[in-house]
Amino acid sequence: MKCLIVLRCGSVAIAEHWQNKLQGSEIDLIISFFNETAFRNFKTENTSSVHLHFKNGGKWTGIFDALVRTKKNYDYYFFPDDDLEISLDSVSRLFETMGSLQASVGQPSLDHQSYFSHLITLHHP
């Protein structure tokens, strides 16, 4: 199963956190910066699974542009907010669950201490 995370962010620290989190995994990562200074200052590890992208604008504009530019097809995509705290195990479990259910769409739920805009995004066991 081929999986891709597209992270839209403006901070070198957040990009480094996600790059380190995914190091050694088989999940590809596009770090799509909306801050040009952060984009220029970020140093990627020597890996073929991390790709850098820069696009001014909002989250979905940047994600769309990053996806148009990628030449690979993936089974599943994940577009986390840059302030989302999630472990590599949880991301892997999300992709595995979607694959086993042959789901077309899915997302992790938020815990009840999280900031949320829509009630449906909170965890409901």
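A pocket is worked out on a 1 Å grid over the protein atoms alone: it is an open set of points where a 1.4 Å probe fits, with protein on both sides within 12 Å along at least five of seven lines, and its lining residues have an atom within 4 Å of a point. The volume of the largest pocket comes to about 1,000 Å³, where a volume is the space filled by probe spheres set on the points, and grid points are joined across faces, edges and corners. Of the 32 lining residues, Phe78, Leu84, Gln107, Pro108 and Leu110 are the closest to the centre of the largest pocket. Two or more lining residues come from each of helix 3 (59-69), strand 4 (76-78) and helix 4 (88-101), and helix 4 has the largest share, five residues. Helices (H or I, at least four residues) and strands (E, at least two) are DSSP runs, counted off from the N terminus.

As for the ground rules, residues are numbered from 1 along each chain as its sequence is written, and side-chain values use heavy atoms, with hydrogens and water left out. Since the model is predicted, local features need pLDDT of at least 70 and side-chain atom pairs count only at pLDDT 80 or more, while totals for chains, interfaces and linings use all residues.

The second largest pocket has a volume of about 160 Å³. Met1, Cys3, Ser25, Glu26, Ile27, Ser92, Phe95 and Glu96 line the second largest pocket, and sorted by class they give four nonpolar, two polar and two charged residues. Helix 4 is again the top contributor, this time with three residues.

On to the cysteines. Cys3 is buried, with a relative accessible area of 5%, and Cys9 is buried too, at 0%. Buried means under 20% relative accessible area, exposed means over 50%, and partly exposed is in between (1.4 Å probe, protein chains only). With a disulfide taken as a pair of cysteine sulfur atoms within 2.5 Å, the count is zero.

What about the inside of the protein? In soluble globular proteins, nonpolar side chains tend to be buried together. A nonpolar core is a set of buried Ala, Val, Leu, Ile, Met, Phe, Trp, Tyr and Cys residues joined through side-chain atoms within 4.5 Å. The largest nonpolar core here holds 24 residues, and Ile5, Trp18, Leu29, Ile31, Phe78 and Phe95 have the most contacts inside it. At least two residues of this core come from each of strand 1 (3-9), helix 1 (12-22), strand 2 (28-33), strand 4 and helix 4. Apart from that core lies another, of six residues, including Leu4, Ile63, Ala66 and Tyr74.

Phe78 is in contact (heavy atoms within 4.5 Å) with Leu4, Ile5, Val6, Trp18, Leu84, Ile86, Val91, Leu94, Phe95 and Pro108, leaving aside its neighbours within four places in sequence. Leu22, in helix 1, is buried at 4% relative accessibility. Not counting residues up to four places away in sequence, Leu22 touches Ile5, Ile27, Leu29 and Leu88. Leu22 and Leu88 sit 66 residues apart in sequence, with 6.6 Å between their C-alpha atoms.

Lys59, part of helix 3, is partly exposed, with 24% relative accessibility. With residues up to four places away in sequence left out, Lys59 touches Arg8, Phe79, Pro80 and Asp81. Gln102 is found in the segment after helix 4 and is exposed, with a relative accessible area of 69%. Phi of Gln102 is near 50 degrees, a positive value in a residue other than glycine. Ile120 also has its place in the segment after helix 4, and Ile120 is exposed at 75%. The C-alpha atoms of Ile120 and Leu110, 10 residues apart along the chain, are separated by 9.3 Å.

Note on methods. Ala, Val, Leu, Ile, Met, Phe, Trp, Tyr, Cys and Pro count as nonpolar, Asp, Glu, Lys and Arg as charged, and the others, Gly among them, as polar.
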